[in-house]
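Subject: Handover of the two-chain model

Hello,

Here is the structure I promised to pass on. Please load it before reading further.

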Amino acid sequence: MTSDAMTSDAMTATLDLAGDRPPLAVPGGAEAAPAGTRSSAARRWLAASRGPGRRFFLAAGVGDLIAALGTILACWNMAALIVAAVDGRRPSDLTGAVGGVLIGGVVAAFALFAANRLATAGAARVESALRSDLIDALVLADPAGSSPSTGAAAAAVAEQLPHLGEYFRGYARAAFAAGAVPIAIEVAVFPASWVVGLLLLFSMPIVPLNMAVTGLGAAELSRRQMTQISELSSQVLERLQATSSLRALGAIGHQRRVVERAANELARRTAKVLRVAFLASTALEWVSTFAIGVVAMYTGATLLGYVHAPLLPTHIGAQQAVFVLLLAPEFFLPLRRFAAAYHQGQEAIAAAEVLQPLTEALSEDSSQTRVAASTAAGSVWTGPPPEVRLDGVTVRFAGRSWPALRAVDLRIAPGRVFGVAGPSGAGKSTLLRVAGGWQRPTEGSALLDGRPSADGPRALQIGQRPYLFAGTVALKLALGQPELSPERMWEAIESAPLSEVLRRLPDGLDTMLGERGWGLSGGEAQRLAIARAFLSSATLLIVDEPTAHLDGDTEQSLLEPLRRLLSGRTALIASHSDRVLAISDYVVELEEGTVHA
Amino acid sequence: MLEVTAPVATMMPMARPGRRLTLGLLYAVIAALASAGLIGLAGWFIVRCAQTGLSSTSGFSWLYPSAGVEALALTRTAARYGERVSTHRSTLDLLARVRGRVFASATRLPIGRLRALRSGDLLDRIQADVDTLDRAVLAVAVPGVVCTAVAAGGLTVLAIVRPFFAVAAGLMLLLVLAVDLILSRGSRLLAQRLAQERSQARARLVEALDGRAELASFGASQLAADELRHRFDALDTPRKRLTAREGAGEAITAVGASVTLAAILASGAGVVGHGLDPAILALAVLLAAALFEAARGLGSAGQALAQARTAWQRLREVTGFGRRDWTDEDQPAGGAGVGGGANVDVDADQSLGAEVELTDVSARYGGSPVLEIPRLEIPPGAFAVLTGPSGAGKSTLLAVMAGEFPGGRGRVRIGGLDPSAISYAQRVAEVTLIEQDASILTGTVADNLRLARPNATLAELQDALRVAALDTSIQLSTEVGPAGDYLSGGQRRRLTVAQGYLRHPRLLLLDEPTEGLDTATALRVLANLRAALPKTTIVAAIHDRNQANLSASVEQVIRLNDGRLS
């Protein structure tokens, strides 16, 4: 590959906005990775996502170019001053030369500063756009589908995505500078000494060669690093959330070692990625210092008049000699940055391989879910109460040999309440989730008014374990309805009934509660969840063990509100309590995943 | 100054690979000196060649300086590689160790404090704040050492050449560093704001992901996504400001370099011919340039230090990590301490159950009393059931007995010991509390059971399943899914009861062990537990009167109402 080809490739990497040409394919080699298709999809995605920042990156590249011009000006005048000293005379234009050094230096400093800021701003834009898609994909994901663990998803947004930001900050800009700056310097060097100009030019192909060789294993190493980032985040988060249980079981020491092992493994994998990057930049640095050394020896020999080869000039001006020597390192600087950024690129591809499937799962597979989830009404069923129909529904879970539900047939007329009884583990929750659209059947079909239940709006859940966000009680009640009127809120509080609970809390509705509703007893949290359901306009409900945490008196006091909540809506209710099941219009008994009427 | 170096100084003793870091710093100094020497020598060499060529005098050897230039170039490149690998590797190892310890400190927080913290916030501290600490090494310590070495060497040479050069370069260097320092004055606040908002954003993210189904149910997904977007985008402002300050620091160093070079050249040009060799002038100029190049690395040190200190403070404020006393519990001496929890001998089947004695015990939550118990005794080996309406204080009473309610008052004795005063290791060997919302980890049923007893045999694990009446519905190899999602509510509950059983404690406290179970299964579990642990004192909080009364195993019924015995 000639230097020209390299330069133009680097240019297109920035300028080719259509993204049909993978920018990272510049120096071949690394893309021969095993996960070829996944990797090339990630590359395309990465290239296409540059859009929002491209003007900034271009401007940053121009800044780099201006900085190079400033450096050329400073070097030329510095050479003039030194040579004047050699001649033992005051330079003809002392102030002009000193001014040149000063102005050149200051221009270079500020152009670099501006270029840095521009690149940062551009990268922030790209990152923000990608993050927006990623957050949508994770938070609005199809709840009936599979999703990554919370720890891994949090790592994707907070740790893997910034790798892409770093990449855009470094690479997009370095690619332009690597093309433009050496050209500018060649233009300045050639008139001074065409031999040195050629020498520098001939040392350029070593850059892509070097990247190709050292980049060989980098893709796989980066991939392993990214996997471990997700792994560590999942393990730490899960164990933090389980701390009090682990502590009670005396398992803290052991679990701490699990986390330490994961952290050490990440350090080890990161070190491997870095080592390859350092090796690459060292090789390049060695080539560049060697080339600078050759330039110094050649100019020195010419100055001394030792050079008597055919075609080569026998003489070089002293100012020219000092000038090219001062400028030679500046020629290699952008190339070194580019090589360093290329390795950021390997990490970026590895990160993109993780992020791209997450992001695109939303836009491709389940555009319906996105539409449903993003409408103001939300994804719950709010129209007339639907008819529920299950035909031969079987559900299997990964890692379990027997099905949770076996060939269940069921029909619930619109507006009816359907009770499900049965021993623990019989599949009651699974049945409710399938009917409500929160779980796809493995076999058979689950229909709401004739439409597959998991594809459209689904049931409002009152679960065995209500999830309550950290924040005030009022905020929890108004989930999804930021403009809820106080009157409606109090109505719901009276219906639940939640007033007893509120009286106990120090600040009433404004009491701050911790994550998962900490500060409330199990029964109180459940009552809050029921109060919240009163505020929803959902007409399809699944109610799973609503009184599991409550004592007999409280259960009794809740039966009437529950009856009111469910009347006129289609609902499934699972419970061990006969009193609760008495709310329903009819009851089936579930045993080992099979319905007994 | 002491305060400034505190994070570095505190981390250093933890750096077992301290030798590697020292080596890295050594490489860094060699690389920087070789680099300065290389640039200076090359300049001197060219001018000398020019002089010789112009004056046609002989006696200058072209070969030796050239060889010197190449040798310095090789040294610099090799040393720089060594520097990068060593400093990064040792920093990464150090951070991994810090991460493990911060996690361990977090797990030792009092339960109440731990629950009040958000798990996403803690996660952020363990991930991002620990990551930020690396800047104390890589952006402060390494460039600091390099700059000091190069400045010492460079200024000495400049002083020998012309004292004025050294004074000019030295003063400008000080000025530049002073401006950097002034620039970094507000950085601490920026760094704090960035860290705080980042942490909150991550905490919200974790909650939104954990509560995804809830959000979808209430049509709040879009709102939550918008809020997250906004929160993460808001981080760009402090982040950009910090980077801008770093860039400004570097730009000012570069301007200082230009001014110094211009001054040296201007004065040099004037004095040349009055005793200053032009080749030496070239050397001086390029040496000064190298000096400022080294100082440029310090341009971002102020911001880096501000961020590292903020991170350090955030790690300390939450977990108490870094306090002098944290090592006491951390390094288990013969199985004692938190670290040794797994090694505690839980096979004390022969020991008698612990007697429970409470005298004048009271507890408050948010200012209002939730528990008021003048006297309560449970004889050793008894099976007691705690009943009462929801919110009566059952869970609080269990937490007090387990020594996990620090705000409680009065005298609590478990087998004659005060549970909140004994060591963690001793406490978990004596008392096991299975909370109502006890967590289950991703993995198999066996993995989760082994949390309670790491070296349990398959037969013991199978036996635990039988006691919890789980042996017919799940197997040891069953995957439980994230947070036990593949299991039913009742199965999850019984799995945690099986864990409690495997501990074979002297006092077993169970909060709603039969929740989500049909009455027949519930009674079977209670009877199995009694039979399997005949000597253990068992206290179970059960709100369901049917289960509480029907169980033949129950020897004592404690009724609670509004925090009082009734």
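Below is what I found, starting with confidence and ending with the interface.

**Overall confidence**

This is a predicted model. For the complex, the predictor gives an ipTM of 0.80 and a pTM of 0.79.

**Chain A**

Mean pLDDT is 77 in chain A. Of its residues, 85% reach 70 or more. The elements of this chain span a range. Helix 1 (residues 3–15) of chain A has the lowest mean pLDDT, at 34. Strand 10 (residues 570–574) of chain A has the highest, at 90.

Two stretches need a note. Across residues 1–34 of chain A, pLDDT stays under 50. The model still has 65 contacts for that stretch beyond four places in sequence. Residues 364–378 of chain A also stay under 50. Here the model has 19 contacts beyond four places in sequence.

**Chain B**

Chain B has an average pLDDT of 80, and 86% of its residues score at least 70. Its pLDDT is below 50 over residues 324–350 of chain B. That stretch has 43 contacts in the model beyond near neighbours in sequence.

As for the fold, chain B holds 21 helices and nine strands. It has 566 residues, and 59% of them are buried. Take the contacts in chain B with a separation of 6 or more: 79% of them join residues 24 or more positions apart.

**The interface**

Polar links come next. There are 14 residue pairs in polar contact between chain A and chain B, counting pairs with both residues at pLDDT 80 or more.

One of the salt bridges pairs Asp136(A) with Arg229(B). Their closest N and O atoms are 3.1 Å apart.

Over to you.

Best regards

Technical notes: Residues are numbered from 1 along each chain as its sequence is written. Chains are lettered from A and ligands numbered from 1 in the order in which they are written. This is a predicted model: local features need pLDDT of at least 70, side-chain atom pairs count only at pLDDT 80 or more; totals for chains, interfaces and linings use all residues. Side-chain values use heavy atoms; hydrogens and water are left out. A salt bridge is a side-chain nitrogen of Lys or Arg within 4 Å of a carboxyl oxygen of Asp or Glu. A polar contact is a pair of N or O atoms within 3.5 Å; within protein, one must be able to donate a hydrogen and the other to accept it, and residues adjacent in sequence count only if both atoms are side-chain atoms. pLDDT is the predictor's confidence in each residue, from 0 to 100. Helices (H or I, at least four residues) and strands (E, at least two) are DSSP runs, numbered from the N terminus. Contact means heavy atoms within 4.5 Å. Buried means under 20% relative accessible area, exposed over 50%, partly exposed in between (1.4 Å probe, protein chains only).
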